[in-house]
Amino acid sequence: MNPPTGQITAAMVLAAGYGKRMLPLTRNMPKPMVKVDGVALIDRVLDRLTQAGAKRAVVNVHYCGDVLIEHLKKRTSPRIEISDERDMLLDTGGGIVRALPLLGADPFFLVNSDSIWIEGTSPNLSRLVAAYDESRMDALLLLAPTADAVGYSGTGDFSMSPEGVLAKRAEREVAPFVYAGAAILHPRLFEGAPRGAFSLLRSFETAEGAGRLFGLRLDGTWMHVGTPDAIRGAEDAIRRSSE
């Protein structure tokens with residue numbers, strides 16, 4: 001039975017990376033279990049997905065997979081399904097392709113397990129659902145302005161038209177938006193994709209070429225938590241937002 005129009009009930013959470021830049025915190029646990037302000041990164045993601053209406057979440061595992069699976073056993077919402085990559089790390093695109101039989105034929109949330117932001121006036125995953133148009137979009141990405149991102153010093157990922165159409169940053173250029181690690185994707189985005197390790201960026205480029213890659217500006221503050229030092233900056237921002 002298909003979900004009601006405008007409702008996204010399945011999610012893919014990417015949690016299989018090594019988290020090398022988070023050492024020594026990730027010596028014996030995966031990066032998604034690193035805590036920011038007392039809450040594990042992956043639990044922040046799963047709580048947001050539940051609030052947005054997701055009933056089940058497929059989580060891929062590789063590094064310290066047993067540790068993460070044990071941690072997830074305490075979750076009752078959303079319902080957790082494991083996509084096991086302990087035999088071979090498949091990168092972001094390959095990981096999604098392996099999980100497609102679990103995700104089903106309908107559009108689904110995609111969230112990086114370390115994506116963290118402070119909400120603005122409206123929850124951003126619910127805003128993605130409201131903005132998603134299956135007839136026009138193979139992918140709708142949540143984008144953060146690079147100028148406002150906490151702990152981010154990169155050159156951005158995309159420019160965005162007034163209609164929300166995305167264009168990848170050209171080499172040696174600076175783009176105003178960075179991918180915030182959350183999206184709604186349609187399974188057709190992966191038609192013809194390889195059966196091995198490949199980056200999700202390849203699929204984004206395909207959607208861009210077809211004019212079916214769109215973006216939505218994040219309402220709130222996005223935080224890049226890539227190193228132990230960056231955790232303190234994120235925690236400071238969270239605490240200031242609650243004052």
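**Close-up views of a predicted model**

**View 1. H71 sits in helix α2.** The model shown here and in the views below is predicted. H71 has a relative accessible area of 18%. Buried means under 20%, so H71 counts as buried.

**View 2. T76 lies in the loop that links α2 to β5.** Helix α2 spans 65–72, and strand β5 spans 79–84. The relative accessibility of T76 is 75%. The cut-off for exposed is over 50%, so T76 is classed as exposed. Y132 is 56 residues from T76 along the chain. The C-alpha atoms of T76 and Y132 are 27 Å apart.

**View 3. The largest pocket has a volume of about 1200 Å³.** Its lining is made up of 43 residues. Nearest the centre of the largest pocket lie L14, T92, N112, D114 and Y179. Several elements give two or more residues to this lining. The helices are α3 (91–103) and α5 (200–209). The strands are β6 (108–112), β11 (177–185) and β13 (220–223).

**View 4. Helix α5 supplies the largest share of the lining of the largest pocket.** Its share is five residues. Which classes of residue make up the lining of the largest pocket? Nonpolar residues number 21. Another 12 are polar, and 10 are charged.

View 5. Along the principal axes, the C-alpha atoms fill a box of roughly 40 × 40 × 35 Å.

**View 6. Burial, contacts and surface are given for the chain as a whole.** What percentage of the 243 residues is buried? Buried residues account for 50% of the chain. Take the contacts between residues at least 6 apart in sequence: 75% of them join residues at least 24 apart. The chain has an accessible surface of about 11500 Å². Carbon and sulfur atoms contribute 50% of that surface.

Notes
Residues are numbered from 1 along each chain as its sequence is written. This is a predicted model: local features need pLDDT of at least 70, side-chain atom pairs count only at pLDDT 80 or more; totals for chains, interfaces and linings use all residues. Side-chain values use heavy atoms; hydrogens and water are left out. On a 1 Å grid over the protein atoms alone, a cavity is a set of points where a 1.4 Å probe fits but cannot get out, and a pocket is an open set with protein on both sides within 12 Å along at least five of seven lines; lining residues have an atom within 4 Å of a point. Grid points are joined across faces, edges and corners, and a volume is the space filled by probe spheres set on the points. Helices (H or I, at least four residues) and strands (E, at least two) are DSSP runs, numbered from the N terminus. Ala, Val, Leu, Ile, Met, Phe, Trp, Tyr, Cys and Pro count as nonpolar, Asp, Glu, Lys and Arg as charged, and the others, Gly among them, as polar. Buried means under 20% relative accessible area, exposed over 50%, partly exposed in between (1.4 Å probe, protein chains only). Contact means heavy atoms within 4.5 Å. Accessible areas come from the Shrake-Rupley method with a 1.4 Å probe; for residues, only the protein chains shown count as cover.
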